[in-house]
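Colleague: Before we discuss this model, please show me the sequence and the structure.

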Amino acid sequence: MKYKKLLVFFFLGIAFFSNAQNMYKHNFTIYTGFANHKIKDETISPMIYRGTAMPFCLELNLKYKHYIHRLYSSFDRLELLSDISNSYRDNPHTLSNINFQLDYSIERNIIHTSTSNHYFGLKISSFVNYRNLEITKGASGMAMTVDHANSLSIAYTFTYNIPIVFDKLEFHLSTPFVSYILLEDTYNANVNEDFYNIDPSEGVLGPIYKGGSFVTINKFFQIASNVVLTKQLNSRFSTKLSYQFNYYSFNKYENLLKVKSLNNSLLFGITYNFTKNEK
Amino acid sequence: MKNKLLLLFSVSLFIVGCEKLFLGDEPGDNPKDVFNQFWKDFDMYYAHFQIKNIDWDSVYSEYNTKITPSSTDLELYSVLEDIVLSLEDSHVNLYTPFGYASYDYYAGSPSNTRINLTNYIVPGASHANIEIMEYRNVQDNNFGYLLLKTFAGLGEGIEFHDKRYFYIDHIIDEFYNKDGIIIDLRDNGGGNSANAEIVASRFFDKRRLYYKQKYKDGPNENDFSDWIEYYNEPDGSKQYHKPVVVLTNKRCLSTTELFVSAMATLPHVTIIGDTTGGGSGNPVFRELPNGWSMRLSTSYSALSDGFIYEGKGIPPDIPIWISTEDSINGRDVILERAIEFLNNK
């Protein structure tokens, strides 16, 4: 039985790598750098919380003649602070923040010239932004909230060959037109009037997912852009300098309790090209 | 190199510049700004103006002139404390370096608390979860005595409930052959509603509506959700359906009142003692720009029959108070009445 499984994996591998030979270009990049997060979450505070983290990001690009498949994930964990300086009984007023993002996009080359390409397509993305604000000492003084959305976005990519300092410039832009949004609460009036009461005995994740709703851009707005400069080092490796911008906003209730998140990242990446690139 | 520096400079400018554009302004931290933010937060999020007939605009008019940007922090505290106390809401609190402002919801009421428990209860051994609940036998009777000290305690990770409350299953096992159980909630100030649901479910016979809640869901005073209904149902390996008496006093508040409302729906349960504290606010913590913190109520609740108990409390089926004379004589007449009630069943 073991051998049969191995054979299946072997032939699948052969098939994959055979196909890989025909791929136009694809590569894998590991990024890190600085991610500056700013959050104004009126559900817990009127203040803006700010902080910088060192994110860890992975990107897989599969480039065919007409299509690009892109798989991207990032993770960071940090503590955010506001302008509040006065403390009471050493109250920290510290916001613990965890961010996770996973995107997959497929885009088709619509306009092609000798130096540039324009791609349009769709992106499926999922993010979690967990926050826990320690207002007063002890567990009862914690204010916890989680933003989570799974979105289907319109995606646009522009690439331009620039033989000065860098070799290539890429610009990515996406904005969701429909999202399945989840909120850490028992009442999600911002998306509809439905109510979901979480039964602890049934676990938490299942009911939370059941309690989400599909919303459009008027209820959940997000825009993500990314400018990438690529410098080829040799036929296999290149470096990337990436500036990412990500902003989203929604209201917890209708016209009440706004949540706004702004993330600017400056990342440095090392790319491995699966197929040899000509320098 | 010049191009790179220009790029980095542009990026930095963009990062700094777009904060105000995307996130908006922040309130200042001088006393006037803090007062305004305090008033605005209540104006937007506080859920009890209507049911308590409070004119929040007139509160602003009354206190606004007392605070200026150059007021001292102590003057600011004095004003905010006055406002907090005037709301008469046990779930509204202000945390400052000058103190903790909170409405004393049981002030002036008799304590109606436990007196000389050992006169009525057989002393028993300690157990692992004794800080949240104790169980003993009632002297000279085949009744169990369950003292629920608190419903506090959070779940681990993403769980809502504190696992220690599943100890109730062991207690139900121990008490299963008793002729009745006395559940003493007196002085239990609340905690986590998920814990209360666990304990109550061991007494349920079927799925029942036990309370309803309205959330403040808009910026206007009358912006509320529809009634949201909460149910509980039998859970655990065994449920106890023989006579149960629940003892309450004025200090029973918040989650403890949810427990009372759950038990009050059951035909085999009788509530004895004093009216509960009357706090159903589902409070949230918020912070003020100067670092002070506060809690405010964002909802109000009603029993399954529609009675809104915020500020009023849940009345017992059999009201009884411990008089000063009883207290001096060391008599817990509430517990005595509970034993008598069960004996007459």
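**A helix pair and a pocket**

Modeller: Helix α2 of chain B passes helix α4 of chain B in a right-handed crossing. This is a predicted model, in which local features need pLDDT of at least 70 and side-chain atom pairs count only at pLDDT 80 or more, while totals for chains, interfaces and linings use all residues. Residues are numbered from 1 along each chain as its sequence is written, chains are lettered from A in the order in which they are written, and side-chain values use heavy atoms, without hydrogens and water.

Colleague: Why are α2(B) and α4(B) called roughly parallel?

Modeller: The axes of α2(B) (residues 31-45) and α4(B) (residues 73-86) come within 10 Å and cross at roughly 15 degrees. Angles under 35 degrees count as roughly parallel, over 145 as roughly antiparallel, 65 to 115 as roughly perpendicular and the rest as oblique; the two helices are therefore roughly parallel to each other.

Colleague: Which residues of α2(B) and α4(B) make the contact?

Modeller: Contact means heavy atoms within 4.5 Å. B:P31, B:V34, B:F35 and B:F38 of α2(B) meet B:D73, B:L76, B:V79, B:L80, B:I83 and B:V84 of α4(B).

Colleague: How much space lies in the second largest pocket?

Modeller: The second largest pocket holds about 770 Å³. Among its 31 lining residues, A:Y24, A:K25, A:K63, A:N161 and A:K168 are the closest to its centre.

Colleague: Which strand supplies the largest share of that lining?

Modeller: Strand β7(A) does, with 4 residues.

Notes:
Axes fitted to C-alpha atoms, helices over the stretch in contact; angles between N-to-C directions. Left-handed = near helix turned anticlockwise from the far one by under 90°. 1 Å grid on protein atoms, 1.4 Å probe; cavity = no way out; pocket = protein on both sides within 12 Å on 5 of 7 lines; lining within 4 Å. Points joined across faces, edges and corners; volume = space filled by probe spheres on them.
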